[in-house]
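Have a look at the model first.

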Amino acid sequence: MSDLHALDAVIFLPVIGAIVIGFLPTERAALIRWAALAVTLATFAVSLKVLFDFDPLSDDFQLGSSLEWIPEWGINYITGIDGVSLWMVMLTTFLMPLSILASWTIGDKVKVYFIFLLALETGMLGVFSSLDLFLFYVFWEVTLVPMYFLIGMWGYGRRIYAAMKFFLFTLAGSLLMLVAIIYLYFAGDPNTFSFEAILGTPLAEGTQRLLFLGFFASFAVKVPLVPFHTWLPDAHTEAPTAGSVMLAAVLLKMGAYGLIRFGIPLFPEAARDFVPWIMALAIIGIVYGALVAIVQTDLKRLVAYSSVAHLGFVVLGMFVGTYQGMSGGILQMVSHGLSTGALFMLVGMLYERRHTRAIADFGGLQKTVPILAGIFLFVALSSIGLPGLNGFVGEFLVLVGTFVGYRWWVVPAAFGVVLAAIYLLWAYQRVFHGPPASDENRGLPDVGLREALMLAPILVLIAFIGIYPKPFLERIEPSARKIVDQLDGDGPRDVPDPAEVEPGPLAEEEGH
Amino acid sequence: MPLELPPVELGAIAPELALSMTALFLIVFNAFLPKKMKGGWHLPLIATIGLVISIALARGSWIDLPKNGPDLQLAGMVANDRFAIFVKVGLAVFGLLTIWLGREYTRRASLENSEFYALVLFAVAGMMLMASSADLIVTFIALETFSIALYVLVGFRTRSLVSQESAMKYFLLGAFSSTFFLLGIALVYGITGSTNLYGVAGSGSEQGIVQFLTTTPPTDVGLLVVAVGLLIVGLGFKVAAVPFHMWTPDAYQGAPSPVTGFMAAGTKLAAFAALLRLLDVSLFQLRDDWRPLVLIIAVATMLVGSLFAVVQEDVKRILAYSSIAHAGFVFTAVVATNDRGISGALFYLVTYGLTVVGAFAIVAVVGGRDELGTRLSEYRGLFYRRPLLAAALSLFLLSLAGVPLTSGFIAKLVVFGPAIDAGYAWLVVIGALASAIAAFFYLRIMVVMYMQEPEEDAPEIAVGPLAGAVIGIAALATVVFFLAWGPLFDLAEKATIFFS
């Protein structure tokens, strides 16, 4: 664990690239774009090595390194990944080059834009790989600043309001987490920020609850769980396309990831006490997010609210206390990253063609841009959870996992799936079918080569995970089991073997 | 009665002496120069040499000092310990940056003369004495020395009515708070029979406050608590603690920006040094009595500073309220009453000082000749006009907000940590929320700089080499004390071995 590994290269390659880009001449926009693309592709390539080196059977942290940073304060640079963080890292490195492609049309302050985007990537990768609470907090906060600028400088309409709201909401939560982290530091013996060393620290029940709430404040804002979600529609809607993609696909996952990486293992008893509350919030998020998405008139805002609903599923799965729920929640994080990322890209493409996001301004696009329409439908179906596409696998596992312990909670959750079909298909219908709302909708260019390149990898993965999720699930499962065992809930942790069960309720519970 | 003279040990106050001599020399030397040479390069040069000498003198005795307890000198009036040395070096560095910045500032505003430098040097000397004073009388003398120098410096923009007004306000309120402090000293003397913090054998004041507290039953110290309250008022005024903060926005706004930065950095460091020595060391045994008062002040200071800054439209006033809030954050370390709290506070004050000097350097540069451009609207699109300047100011603002990758984050960590450790997690939660509120107005400045287009007729911003150097040093310090804060914190820790 002592020497640096490919994982560390993955974390820091983007920021090194950002520094190099800083020295490129500002007016050579094309060069800067290609450089940014090259950096992110290289990062992805190195992350593939991490993926191949990863031992799928182990539930331990692996491939990490450990260096002293501030020994006087027990602060170390400790990294490492398990089956959860592995896919988060891969998701980030995979989507980043595509986001760069989606940003190809940015013509304003190109250099600073890509510097912020690359710095953001390092921040996100650091969050998923840190095993030292100090290091984790640093990366966690570091993601705030580039995203703040991305929204505020390259966003749309109310970008400043959205950027401020994003920053302040997240910061308020994070600072409460910081207080909890410092408390943990002093509770440890010897005082340390190292996650694995703190794990065994005995804490009084009341203290544990307060500390859990401190962490929860930060993560719940990020996920976001209703009622901490109000920053999300603004930030997602006003951000530039790549910003929305990164927000939805990765930044939200940081919240859910934090809950299971730190929330549950550090404070298992407190987490268990709060399970009903968190599940209730998750279910409210599923239904509320979907209902609000239905009535949106702005296509991008609709996609933004759909994230609230989908992240509800993720959190639900993580806290039901079953292996299936946890694995499903984690896989759903990946799936949501892919589908919603693609949806934001598609909305961005529509905006570039029509300079509007209002659903009412579209209509009849299926005739003018058939390929785009087809892709949109494909991605929308994946987001809805159509069997055979990626969204189904995660949602199904979450629902099955929930059913075992909390039978009746499945009803509203499954209802959320139906609502998803309503808002996405209805949006598809209004945008692509029917008569065009104006003549401007005619004669638009269809998907170009760059756009095809940025969407194709996502489409392939969407289908791949839908048909053959095993490579993903088998790496997730050991870690998922470990976390569920730490939560140590009251109910059953595993779905009973069908052979041992009397035929009956399980068969009809598919959720669709 | 034969007067017994105490042994003259000037070593402990050598840095202060060096500065005072330099200041006097500067004034006299300049008086003999022909008129056209009066504003020459020799002024900042001599001042710089004086400050460097004082740093060398202060640093020189660091290694010789005993690890525990102060080495009392000059009849027990002056404590020569690492705590004092740490603060003195910090103050001298602030002084250096102020001198360099002031050079360009005074030239541009046609205010150059030797008084500016002499006053800064006197102020630094007074502040240094604050840090090492072991007797309330010395504390008072030090307080007045640097305060009077600062009253003049605040009103240094002679053509500006705002500057005159703020100097007057600062002076009147300052004099008012000094009387509280003096009254506190009188009460302390009346109760304990001494004004000395430690008490020195064979000096006529064998019994200092520390000894008084150890020999007196706790029930008999009631009046001393009142006296301590008065002392806190006097020092609280200097650190801009609520409710003694009223002067801060006005004085900060009216003073020349280099001086404002110096006040924010230096005055806070000096006054907190005196406060830490008084409360956490000398009155340690009385901590349960003074702590409620300090807790109230801490909460009020953090919240008022953060909330009132939100509605300000002038960058100097925003930073003034922010400096109030920062005083509140330091108070969280004061209530911890342990070594770690004291070293945390020292670390905080030094890193905050470097950051805030940098921030005010940019304010001075952007403000233009007569500092007419300090309103928020003048910063519109600064990123498009001067990208590096905007980047540096953002760095300072993020540091003030306590965001990682800046020293401000570490500073928050090392003051919040001891407070949590001492059982004041609730206070730190309030501090965290106040920081979140405070982030709003730092972001507001960044919004204006990055997310709004510059005006067509925006005035040219000239950054001289010295101002550039000061901003660069401050920016470097802000980053370095994040990445490698261990060594500085280590020094702060070595400086504060009061309890063992």
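In α16(B), the residues B:K412, B:F416, B:A419 and B:I420 meet B:A425, B:L427, B:V428, B:G431 and B:S435 of α17(B); contact here asks for C-beta atoms, placed from the backbone, within 7 Å. Helices (H or I, at least four residues) and strands (E, at least two) are DSSP runs numbered from the N terminus. This contact of α16(B) with α17(B) holds six nonpolar residues, two polar and one charged. Ala, Val, Leu, Ile, Met, Phe, Trp, Tyr, Cys and Pro count as nonpolar, Asp, Glu, Lys and Arg as charged, and the others, Gly among them, as polar.

This is a predicted model, in which local features need pLDDT of at least 70 and side-chain atom pairs pLDDT 80 or more, while totals for chains, interfaces and linings use all residues. Residues are numbered from 1 along each chain as its sequence is written, with chains lettered from A and ligands numbered from 1 in the order in which they are written.

The axes of α16(B) and α17(B) lie 8 Å apart at an angle of about 155 degrees, which makes the two helices roughly antiparallel (over 145 degrees).

A:I70 stands opposite A:I75, and A:G74 takes a positive phi near 65 degrees.

Finally, the contact between the chains takes 24 residues from chain A and 26 residues from chain B. On the chain A side, α7(A) gives the largest share, 14 residues.

Note on methods:
Two residues are in contact if their C-beta atoms, placed from the backbone, lie within 7 Å. Axes are lines fitted to C-alpha atoms, for helices over the stretch in contact, and angles run from 0 to 180 degrees between N-to-C directions. Angles under 35 degrees count as roughly parallel, over 145 as roughly antiparallel, 65 to 115 as roughly perpendicular and the rest as oblique. Two strands pair if DSSP finds at least two bridges between them.
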